[in-house]
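Please read them with the model open.

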Amino acid sequence: MYQVRTDLALETREKFEEDNVEIKGVRLEEEQAASDIHISSVIIETENGAKAMGKPKGNYVTLEAPNMIEEDEGYHREISVQLSRVLKRLLPEGESYTTLIVGLGNRAVTPDSLGPRVVDNLCITRHIIKEFGKYVIGDSCHKSVSSIVPGVMAQTGMESMEIVRGIAKETKPDIIIAVDALAARSTRRLNRTIQITDTGINPGSGVGNHRHALNCESVGIPVIAIGIPTVVDAATIVIDTMNNLLDAMSQAEQIRRIGNSYEKLDMMEKYELVHELLTPQLNTLYVTPKDVDEAVKRLSYTVSEGINIALQKSGKAGG
């Protein structure tokens, strides 16, 4: 059976809503954080809920900003502030904890380079604090922060989890923040959505390239994952196009009959139909927007600023 590929817990829950299926043990909370910034929290509370969702128990917070692709510095600053506010809810209490930030992905492949680029813009302080003490930093970046870009298996011959676990064993951080590019099942969420979760991450799972999980169980330290969807699969694009076409041409009787038949299918049946119609070459095709270079560059800075604000001593972003 064809599986719709998405890393977003919100999209997984929406699929059940489309099928009129209620999931026990899964709760949804929503808030309008700021102008054009909507925050949805999917909380998986039980093992049955986790099994139905195909995701571990925990909190999955989705920050949706439709204008995130625009070059508006003020708007991106607000996104960073809201991201830091969500992060602070998941980070340990107090100001003395140490953080290891992991930039997952392949720097040489633009849609997969979000993690490494975020690390490039971080305020890294561990080496300074170890050498001179925490007071030399001042109030801007008080906490001890270190980072690593482990690369991908084709480059290192090692799982990212193995590299991170070895580093964590040596440096002993209190918490890990992992940043990675994700896959979505909706084109409207490409480069417009940030997911933050306290359950860790399975690198590559959204595109069917399963690697060892990076989570508390595998490394022995709580892992917060931050991701932005940068790709969708070909079936998603075909379905979005068919829906738009049928809406636009609903006046024609013949098209209306085709549309009525198509609309009777649920989302999973639509994906299976399109999957059968696509050629084998297209079935493995993942697509990213043409301006992905500028988008990833801009979004990586937005995410890094959110992390930097969240790790400030003064907590200016609010709790």
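1. A salt bridge here is a side-chain nitrogen of Lys or Arg within 4 Å of a carboxyl oxygen of Asp or Glu. By this rule the count comes to 12 salt bridges.

2. This is a predicted model, in which local features need pLDDT of at least 70, side-chain atom pairs count only at pLDDT 80 or more, and totals for chains, interfaces and linings use all residues. Residues are numbered from 1 along each chain as its sequence is written, and side-chain values use heavy atoms, with hydrogens and water left out.

3. Helices (H or I, at least four residues) and strands (E, at least two) are DSSP runs, numbered from the N terminus. Buried means under 20% relative accessible area, exposed means over 50%, and partly exposed lies in between (1.4 Å probe, protein chains only).

4. E31 forms a salt bridge with R85, with the closest N and O atoms 3.2 Å apart. E31 lies in strand β1 (residues 26-34) and R85 in helix α3 (residues 73-90), so the pair ties together parts 54 residues apart in sequence. E31 is partly exposed at 28% relative accessibility. R85 is buried at 15%.

5. E31 also forms a salt bridge with R89, at 3.1 Å between the closest N and O atoms. Here E31 in strand β1 and R89 in helix α3 are 58 residues apart. R89 is partly exposed at 40% relative accessibility. Elsewhere, salt bridges that share partners join E11, E14, E64, R188 and R189 into one network.

6. The side chains of R27 and E29 meet in a salt bridge (2.2 Å, N to O). R27 is partly exposed, with a relative accessible area of 33%. E29 is partly exposed too, at 40%.

7. Which residues of α7 are buried? They are S160, M161, I163, V164 and A168. They cover an arc of only 160° around the axis, which puts them on the same side of α7. The arc is that of the directions from the helix axis to the C-beta atoms. On the other side of α7, K169 and E170 are exposed. K172 follows α7, and its phi is positive, near 55°.

8. Strand β8 (residues 223-233) is mostly covered: 11 of its 11 residues are buried. Two strands pair if DSSP finds at least two bridges between them. β6 and β8 run parallel, joined by 9 bridges. A181 stands opposite I228 in β8. Strand β7 (residues 193-197) pairs with β8 in the antiparallel sense over 3 bridges. There, T197 stands opposite A225 in β8.
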